[in-house]
Amino acid sequence: MFPTHRPRRLRTSSLLRQMVRETVITTNDLIYPLFAVPGDRIAKEVKSMPGVYQLSVDKIVEDAKEVYDLGIPAIILFGIPDEKDDDATGAWHDCGIVPKASTAVKEAVPELIVIADTCLCEYTSHGHCGYLQVGDLSGRVLNDPTLELLKKTAVSQAKSGADIIAPSGMMDGFVQAIRTGLDEAGYQDTPIMSYAAKYASSYYGPFRDAAESAPQFGDRRTYQMDPANAREAIKEIELDIAEGADMLMVKPALSYMDIIWRVKQACNLPVAAYNVSGEYSMIKAAALNGWIDEERVVLETLTSFKRAGADLILTYHAKDAARWLS
Ligand code: PBG
Ligand code: ZN
């Protein structure tokens with residue numbers, strides 16, 4: 001009773017395995033996140049994210065050059081403003097930190113794609129992703145007034161040179177509002193990469209250290225999605241497609257591979273997966289302890305995102321991965 005079918009036949013040598021390999025991760029698939037802070041010659045490591053830094057604009061430019069030289073096509077910029085207020089002024093003001101960083105990067109490395117994260121949580125005094133009712137401590141963000149701020153934010157980012165706008169606040173109708181704002185301002189050709197299915201995840205903890213954006217009270221569960229829901233992700237992407245999104249994102253990635261898969265089956269747009277801060281920190285911590293082989297675990301993880309359907313991967317591992325892949 002020996003088997004007739006022997007899948008092992010195709011695993012006998014490295015070259016044969018390479019010939020039948022179904023998924024190949026490349027540097028071209030990666031997007032590297034960067035955190036811009038005011039000041040000069042500042043590089044402050046984020047405690048919970050070894051190897052990730054808050055960088056002043058001059059340092060962002062240095063990093064952008066390195067990223068481009070490594071063959072990574074794009075960065076996504078987050079900003080930490082000098083001052084936070086209830087109107088998130090630092091987000092939409094033309095002198096804001098992200099517009100400043102975008103302009104500097106585009107000047108130094110014109111070909112590198114600059115994606116601007118469009119949200120308000122880094123800029124509001126309470127750390128929520130939009131306007132709150134005055135005196136409301138529940139964290140229930142007011143949807144429609146927030147759209148106006150997001151529109152202004154996106155336009156100032158496009159004006160400063162950002163190539164792609166990436167709204168991440170999970171407000172209803174934000175893609176349509178931003179599309180209208182960009183079109184009216186003459187940026188019809190600026191694509192929108194929507195954080196379409198973004199979950200209220202505990203894996204964002206280290207990012208909030210990096211972006212200094214933890215909510216001061218309440219949580220984000222009235223706007224980000226319930227981790228228990230999958231069908232709802234399809235509803236969200238259908239709306240974003242109807243509103244004019246050019247690319248869709250699923251976030252987080254690692255414990256949401258089924259969502260990446262479903263989204264990929266349900267649409268014809270490029271799908272991006274955000275390999276978030278907590279996912280990065282877990283791998284880093286285990287690697288620094290010598291418990292896992294960092295290179296192999298990272299490449300396996302990134303390959304798995306792609307196998308699940310991701311066309312693009314936002315990851316803090318991007319620079320290391322690019323080196324390992326070259
Ligand atoms: C919020 C935002 C978050 C991340 C990026 N933008 C999540 C949050 O704080 O709710 C998380 C990214 C990461 O964890 O790497 N607009
Ligand atoms: Zn936000």
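In which loop is Pro-252 found? Pro-252 sits in the loop between β10 (247–251) and α9 (257–266), where helices (H or I, at least four residues) and strands (E, at least two) are DSSP runs, numbered from the N terminus.

Before I go further, a word on where this comes from: this is a predicted model, in which local features need pLDDT of at least 70 and side-chain atom pairs count only at pLDDT 80 or more, while totals for chains, interfaces and linings use all residues. Residues are numbered from 1 along each chain as its sequence is written, chains are lettered from A and ligands numbered from 1 in the order in which they are written, and side-chain values use heavy atoms, with hydrogens and water left out.

Let me stay with the backbone for a moment. Most residues other than glycine have a negative phi, and most peptide bonds are trans. Against that background, the peptide bond that joins Lys-251 and Pro-252 is cis, with omega at about -5°. Met-170, which is not a glycine, has a positive phi near 55°, and Met-170 is found in the loop between β8 (164–167) and α6 (174–184). Is Met-170 buried or exposed? Met-170 is buried, because its relative accessible area is 6%; here buried means under 20% relative accessible area, exposed means over 50%, and partly exposed lies in between, with a 1.4 Å probe and protein chains only.

Glu-212 also has a positive phi, near 50°, and Glu-212 belongs to the loop between α7 (205–211) and α8 (231–243). With a relative accessibility of 39%, Glu-212 counts as partly exposed. Which side chain does Glu-212 join in a polar contact of 3.1 Å? The partner is the side chain of Gln-54, a polar contact being a pair of N or O atoms within 3.5 Å, where within protein one must be able to donate a hydrogen and the other to accept it, and where residues adjacent in sequence count only if both atoms are side-chain atoms. Gln-54 is found in strand β3 (residues 53–56), and Gln-54 counts as buried because its relative accessibility is 7%.

The loop between α7 and α8 also holds Arg-221, which counts as exposed at 63% relative accessibility. Arg-221 and Ser-201 are 20 residues apart in sequence, and from C-alpha to C-alpha they are 9.0 Å apart in space.

Now to the charged pairs. Side chains of opposite charge can pair when their charged atoms come close. How many salt bridges does a search of the whole structure find? The search finds 15, taking a salt bridge as a side-chain nitrogen of Lys or Arg within 4 Å of a carboxyl oxygen of Asp or Glu.

One of them is formed by Lys-306 and Asp-29, whose closest N and O atoms are 3.0 Å apart. This pair links distant parts of the chain, since Lys-306 is in helix α11 (residues 294–308) and Asp-29 is in the loop between α1 and β1 (30–37), 277 residues apart. Lys-306 counts as partly exposed at 23% relative accessibility, whereas Asp-29 is buried at 8%.

Glu-66 and Lys-319 form another salt bridge, with their closest N and O atoms 3.4 Å apart. Because Glu-66 lies in helix α2 (residues 57–69) and Lys-319 in helix α12 (residues 318–325), this pair ties together parts that are 253 residues apart in sequence. Glu-66 is partly exposed at 31% relative accessibility, while Lys-319 is buried with a relative accessible area of 13%.

In a further salt bridge, the side chains of Asp-320 and Lys-284 meet at 3.8 Å, N to O. Asp-320 lies in helix α12 and Lys-284 in helix α10 (residues 277–288), so this pair ties together parts that are 36 residues apart in sequence. Asp-320 is partly exposed, with a relative accessible area of 22%, and Lys-284 is buried, with 11%. Salt bridges that share partners join Asp-63, Glu-66, Lys-284, Glu-294, Lys-319, Asp-320 and Arg-323 into one network.
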